[in-house]
Amino acid sequence: MSEAQPVRLDTEGEIGVITVNNPPVNALSPGVPEGIVAALRAAEANPAIRAVVLIGAGRSFIAGADIRQFGKNRVRPPLGQRVYDVLDAGTKPVVAAIHGYALGGGLEVAMACHYRIAVPTAKVGLPEVLIGILPGGGGTQRLPRLIGPKAAVDMIVTGRHVPAPEAAALGILDEVLPEGADLRAAAIAYARRVAAARPLPRVRDRTEKLAEAKADPALFDDVRKSIARRARNQKAPYNCILAVEAACTLPIDDGFKREQELFAELENSDEARALRYAFFAEREAAKLPDLPPGVAPRDVRSAAVVGAGTMGGGIAMSFADCGIPVKIMDSTPEAAARGIERIMANYATSVRRGSLTEDEMKRRLSRIEVVGDYADIADADVVIEAVFEEMDVKKPVFRALDRAMKPGALIFSNTSALDIDALAAETSRPGDVAGTHFFSPANVMKLFEVVRGAKSSPETLASAMALGRKIGKIPAMAGNTDGFVANRSRAPFNSEMVILLEEGCLPEQVDKVMVDFGYPMGPFAVGDLAGLDIGAAGRRRRAAANPNYRKLPIADRLVEMGRYGQKTGAGWYRYEKGDRTPHPDPEVARIIRETAAAMGVAQKTFTDQEILRRLLFSSVNEACRILEEGKAYRASDIDVMWLHGFGFPRYRGGLMFWADQIGARAVYDQIAAWHQAYGERWTPARLLRDLAESGTPFREAKPAPMT
Ligand code: 3H9
């Protein structure tokens, strides 16, 4: 075979080595499965070959089916002629040699091989559920035979990546090589050792582990119960369970057929389309289309955080969690001490909950050092300013950082709304300055909104994006505009939810609609968690800057009464001492009624759809303004921000993907009608009107060049 083909068969003495070479991740794109089948047949037909190694070139074994092919008219070989079937029918042992990732169809191929060995850093998994489908290459039938239905259903329903040592303990891998071993050489040696082994150990022939399901008849119902909350509105997790259940009750070939039926129900579902879209949107968001080619990010090996408050502490944890040493400083030793105590308490909670080991906590804590002076952080490759969200507090910090930091240090501000250019102007090196907006809690939330200053250098922006990925976040770029992209697009939603109360809704009614839609919590409950005083401060700032700012008297009233949310035991809801459960509060209903009456607003009843659309359409309209002003690169970046900053249900794709399901025309018509009814705040964005008139989907909107 020629070098250009994605699959090659070489011989090493009596061993055939099949190499899959389809960069970047060896997905099973058209030509790859066919290539593996052809190579297996060639090896089978060659009497000089006694055993075969299947290995991936580049950074991975095989990361699964090519996701871009789903939902298209894929050419699929019938059952019996697929690569897995050819492996099952083979007469020579095949050893899967795994490094990087063996995911989805990749692990399914490996499980159809007779032996599986891996380097210790490899990861395996069946993550299909995360893109709204199920393992359709026999994975739901073979994995329970390999590791038992309980462990299999857990892996398939969570889609988690399992590290090689754990995979070996579970029974997925036959051997994990020592660190630094040469995988290809080891696999060839392994193949030589097993060349004569007969009968061939085929996973399909194993049934002993399936007995576990008979011993525990409630197994699958228990799993269904345990996922009920997080899997609501979704089908894929339930079909995954049904498929594993079938593995325990049907002969394997019937199980394969059942798997196909359950797969077919999912491939073109709304949920699968939305999840595929989200997968690619996240990867697209990392790309900066207007950067000159070849800009290399600066290497970040050490970090510093100024400001040891809740945000600063969470940011420091984000660095420590992924192995980057970080220094944290505050203006007084007391503030720094409080900060480190909060960090320790956070880690201790994770240890108590079992999500972190004591040793790992110690390792992470050892990476965090409290310091008291700018001179102590001068050497850091990146510094993140996370002091109080006031220009007058942040500016002196920027002047001090400019004096202290080594040349080439990246200087980032964790601001959620302030003008990044004004901060950069305090330094002699505005090219090194950008915004990096973390979301609260910063060590948990994945969104990393990078804010581009007018003078931020391409290298600085590329470095900020790379840093986001390095610390396990999902970066997306925003232009410098009040609230940047995430909070600016969300702001009208935040107003609209309170305006709905003026017109006759109750917080619990709005929250229920949004939870039913798929949010983990309703927006009023979230407000109580974050603290209503925070929103009030933002409103005061905006009202001062804009005389036409729409006031929210009900929200202001609660804050005046000291109802700040959970921390004061009362906000939109009331809370029992020591309990975070929100209880509807007649006092709030009374305040709403009185305020609405004083404002002279007519009361009415709302359908769930009206509530949902009032909230989300207001944000879609603002998102269109953001795009027309060139403050975001793409509509899908806004979706990424909503998924990872605000808990928008992933299986609905994101704000703009969701709006596309309704259509720009219908969204525009509704907004235009509300403009008539409610006035200025519903003025349709120009871009929205253009999309409606031209029949263009939101995701194809062409924003102005980023400024
Ligand atoms: C499946 O297997 C179904 C089966 O049951 C069979 C049914 C019949 N397809 O993430 P990265 C691209 S379903 C197409 O930045 P990393 C990705 O878009 C599949 N493209 O790298 C990106 O492109 P670009 C089950 C893919 O190192 C580039 O590769 N498997 C695929 O951070 C680099 O990706 C999965 O769900 C793909 N399968 O992470 C695994 N995978 O450079 C999905 C990647 O143009 N993949 N690309 O932006 C992943 O989770 C991660 O990519 C991985 C590497 C962990 C592998």
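Mentor: A residue is called buried when its relative accessible area is under 20%. Please keep in mind that the model is predicted.

Trainee: What percentage of the residues in the chain is buried?

Mentor: The cut-off for a buried residue is under 20% relative accessible area. Applied to the 707 residues of the chain, this gives a buried share of 54%.

Trainee: How many helices and strands does the chain have, and why is it described as compact as a globular protein of its length?

Mentor: The chain holds 30 helices and 17 strands. For 707 residues the globule rule gives 27 Å, and the chain is as compact as a globular protein of that length because its radius of gyration is close to that value, at 28 Å.

Trainee: What share of the contacts with a separation of 6 or more comes from residues 24 or more positions apart?

Mentor: A contact requires heavy atoms within 4.5 Å. Among contacts with a separation of 6 or more, residues 24 or more positions apart account for 73%.

Trainee: Which strands stand at the edges of the open sheet of six strands?

Mentor: The sheet has mixed pairing and the order S1-S2-S3-S4-S6-S9. Each edge strand has a single partner strand, so one side of it is left without a neighbour in the sheet; these are strand S1 (7-12) and strand S9 (175-176).

Trainee: Which residue in S3 is the bridge partner of Val 17?

Mentor: Strand S2 (residues 15-20) and strand S3 (residues 51-56) run parallel and are joined by six bridges. In S3, the partner of Val 17 is Val 53.

Conventions. Residues numbered from 1 in each chain as written. Predicted model: local features only at pLDDT ≥ 70, side-chain atom pairs only at ≥ 80, totals over all residues. Heavy atoms only, no water. Helix = DSSP H or I, 4+ residues; strand = E, 2+ residues; numbered from the N terminus. Rg over C-alpha atoms; globule rule 2.2 N^0.38 Å. Buried < 20%, exposed > 50% of the residue type's maximum accessible area, 1.4 Å probe, protein only. Pairing = 2+ DSSP bridges.
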